[in-house]
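Hi,

Here is the structure I promised to hand over. Have a look at it first, then read on for what turned up.

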Amino acid sequence: MKILIDNGHGVDTKGKRSPDGRLLEYAENRLLAGRIVSALKAQGHDAELLVPEDNDVSLFQRCDRVNRFCYALGKENVILVSIHCNAAGKGDRWYNATGWCAYTTPKDTPADRLATCLYNAAQIHIPDQRLRMDLTDGDPDIEASFYLLRHTSCPAVLTENLFMDNQADVEYLLSDIGQTNLVNLHVTGINFYLGIH
Ligand SMILES: [Zn+2]
């Protein structure tokens, strides 16, 4: 299984930071994504960063990179997880919204199982954090037509790793223990998806 980890925005993406400027989303995403890939590789998985660059690589280009792997290897032999931090506002002030969640495209797709595996891992690794869920369709993931999810042919999930405009979340995201827990969440969830417990 080719495991692709996307780290979202680039250094040149506007906004996307905590109100105090201590947390930059592109940097947090890259830190988590890099550590997830390293941990998966250390376990012998075929994992790689979708965007090794620091600059913003367009969604079109990122989808093209994913779909080239799908074409070469078969879409059932590729998975994509895109790492993000959520925000309630536009970085103007602190908000109260908190929690972790995973998004998939609407309707039943193989990505739903990947998202459920990530939620199961979240219950293990971040038990003190709120899990934001939409249980109305029988699974925990939240459905949204994000470009990266809609235009890639393999199972694809986008995770929002707490809120960069919630003060407690930012402390957690900048802490070694918080980062380690979020990395382990993704590594364990991907292993669950691959049938490794
Ligand atoms: Zn983002």
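Let's start with Phe 146, which counts as partly exposed at 30% relative accessibility. On that scale, buried is under 20% relative accessible area, exposed is over 50% and partly exposed is in between, using a 1.4 Å probe and protein chains only. Before going further: this is a predicted model, with local features needing pLDDT of at least 70 and side-chain atom pairs counting only at pLDDT 80 or more, while totals for chains, interfaces and linings use all residues. Residues are numbered from 1 along each chain as its sequence is written, and side-chain values use heavy atoms, with hydrogens and water left out.

**Aromatic pairs**

How many aromatic pairs does the count come to? The answer is 2, where rings of Phe, Tyr and Trp (its six-membered ring) pair if their centres lie within 6.5 Å, and planes under 30 degrees apart are called stacked, over 60 edge-to-face and the rest tilted. Trp 100 and Tyr 119 make an edge-to-face pair, 5.0 Å centre to centre with 85° between the planes. Trp 100 sits in strand S4 (residues 100-104) and Tyr 119 in helix H3 (residues 110-125), so this pair ties together parts 19 residues apart in sequence.

Tyr 103 is buried, with a relative accessible area of 15%.

One more ring to check is Tyr 95: Arg 93 lies over its face, 4.0 Å from the ring centre. The cut-off there is NZ of Lys or CZ of Arg within 6 Å of the ring centre and within 35 degrees of the ring normal.

**The zinc site**

Which residues are the protein donors of the zinc ion? They are His 9 (NE2), Glu 25 (OE) and His 84 (ND1), lying 2.1 to 2.3 Å from the ion. In sequence the spacing of the donors reads H-x15-E-x58-H. Glu 25 in helix H1 (residues 25-42) and His 84 in strand S3 (residues 78-86) link distant parts of the chain, 59 residues apart. Both of these residues, Glu 25 and His 84, are buried. Donors are N, O and S atoms within 2.8 Å of the metal (3.2 Å for Na, K and Ca), and water is not among the atoms, so sites may look incomplete.

**The largest pocket**

The largest pocket holds about 420 Å³ of space. Its lining takes in 24 residues, with His 9, Lys 16, Glu 25, His 84 and Glu 160 nearest its centre. Elements giving two or more residues to that lining are helix H2 (59-73), S3, helix H4 (147-150) and strand S6 (156-163), and S3 gives the largest share, 4 residues.

How was the pocket found? On a 1 Å grid over the protein atoms alone, a pocket is an open set of points where a 1.4 Å probe fits, with protein on both sides within 12 Å along at least five of seven lines, and lining residues have an atom within 4 Å of a point. Points are joined across faces, edges and corners, and the volume is the space filled by probe spheres set on them.

By type, the lining divides into 8 nonpolar, 7 polar and 9 charged residues. Ala, Val, Leu, Ile, Met, Phe, Trp, Tyr, Cys and Pro count as nonpolar, Asp, Glu, Lys and Arg as charged, and the others, Gly among them, as polar.

**Two backbone angles**

Most residues other than glycine have a negative phi. Lys 16, in the loop between strand S1 (2-6) and H1, has a positive phi near 55° and is partly exposed at 39% relative accessibility. Lys 107, in the loop between S4 and H3, has a positive phi of about 75° and is exposed at 69%.

**One contact along the chain**

Leu 162 lies in strand S6 and is buried at 0% relative accessibility. Its C-alpha atom is 4.8 Å from that of Gly 99, 63 residues apart along the chain.

Cheers
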